[in-house]
Amino acid sequence: MTGTAQYLKEKNPDIQVWAIDVYGSLLTKYFRTGEVDMNEVHPYISEGFGEDFVPENYDMSVIDHFEQVTDKDGAVMARRIAKEEGLFCGYSAGSCLQGLMQLKDRLKKDDVVVLVFHDHGSRYVAKVYNDQWMMERGFLDVKTFRDIVNGRGQRQRLVTVKTDDSVAHTVDLMKKYDIEHIPVMDGDAAVGSISEAGLFLKVFSNPDIRNAKVSDVMESPYPLVDFNSPVERLSTLINRENGAVLSRDEAGNWQIVTKYDIIQALAK
């Protein structure tokens with residue numbers, strides 16, 4: 001950064017150079033006071049910038065401002081860049097844009113701003129772009145089963161089938177309501193489940209499966225959870241073998257949450 005700043009200021013001394021730093025790095029305080037204060041140093045999650053020492057090639061005279069960004073804000077902004085701008089960037093890119101947003105009031109109408117996005121997002125697929133990783137660090141607001149159901153709007157009656165219903169009837173329901181997972185009920189008890197993926201696999205072993213009863217092809221029932229269970233709890237229960245979870249709402253009615261519902265809720 002200092003090398004680029006030296007060149008730019010040679011061409012135009014009026015160019016402002018703003019450095020983005022992370023909390024836990026000592027560089028911001030060093031820039032402001034000239035003091036190397038190790039009390040500023042603490043562990044941080046952001047990657048690719050910030051230091052616990054002052055590199056000898058740092059020429060602070062060509063930098064006009066240092067701005068610190070939190071680990072959470074940088075990570076959330078990186079995901080926003082990918083979602084809203086279609087740019088798959090790294091953690092430090094999110095911090096870079098977040099730092100600019102924190103400084104936006106310094107800008108005038110005709111100012112031209114250039115940001116350097118330093119890294120590709122492929123290195124952060126298991127981190128910043130992983131919902132579980134983000135939730136474990138408190139970077140995503142924890143939603144609950146209730147929030148997801150309420151976010152779908154007016155509550156609809158849960159689509160279910162009985163053990164003696166036909167597979168053909170179940171497939172028709174999946175098509176009609178555009179759903180992949182249907183609980184199997186015996187009275188008011190959930191006793192099994194039917195998934196589109198499970199039926200797809202069974203078709204190859206039995207082409208006449210449409211004439212079979214649900215009880216002959218149903219899978220294990222979906223896990224039951226409390227209506228206020230957080231999303232992080234739900235995400236541990238939904239996997240390749242199990243595509244949904246069930247809960248009763250305040251009125252005692254069954255509600256379902258699928259992997260798709262969780263993804264949609266986190267994307268809002």
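Visitor: Is K162 buried, exposed or partly exposed, and what is its relative accessibility?
Guide: Buried means under 20% relative accessible area, exposed over 50%, and partly exposed in between (1.4 Å probe, protein chains only). K162 counts as partly exposed because its relative accessibility is 48%.

Visitor: What kind of model is this, and how are residues numbered?
Guide: This is a predicted model, where local features need pLDDT of at least 70, side-chain atom pairs count only at pLDDT 80 or more, and totals for chains, interfaces and linings use all residues. Side-chain values use heavy atoms, with hydrogens and water left out, and residues are numbered from 1 along each chain as its sequence is written.

Visitor: Which residue meets the side chain of K162 in a salt bridge?
Guide: A salt bridge is a side-chain nitrogen of Lys or Arg within 4 Å of a carboxyl oxygen of Asp or Glu. The N to O distance here is 3.9 Å.

Visitor: How many salt bridges does the structure hold?
Guide: D119 and R123 form another, at 3.5 Å, N to O. The structure's total is 9.

Visitor: Is D119 buried or exposed, and what about R123?
Guide: D119 counts as buried because its relative accessibility is 18%. R123 has 61%. R123 therefore counts as exposed.

Visitor: How many residues apart are K9 and D64?
Guide: Their side chains meet in a salt bridge of 2.9 Å, N to O. The pair links distant parts of the chain: K9 is in helix α1 (residues 2–11), D64 in the loop between α2 (27–33) and β2 (65–69). Helices (H or I, at least four residues) and strands (E, at least two) are DSSP runs, numbered from the N terminus. The separation is 55 residues.

Visitor: What are the relative accessible areas of K9 and D64?
Guide: K9 counts as buried, whereas D64 is partly exposed. The values are 17% for K9 and 30% for D64.

Visitor: Is F200 buried or exposed, and which helix holds it?
Guide: The relative accessible area of F200 is 53%, so F200 is exposed. Its place is helix α8.
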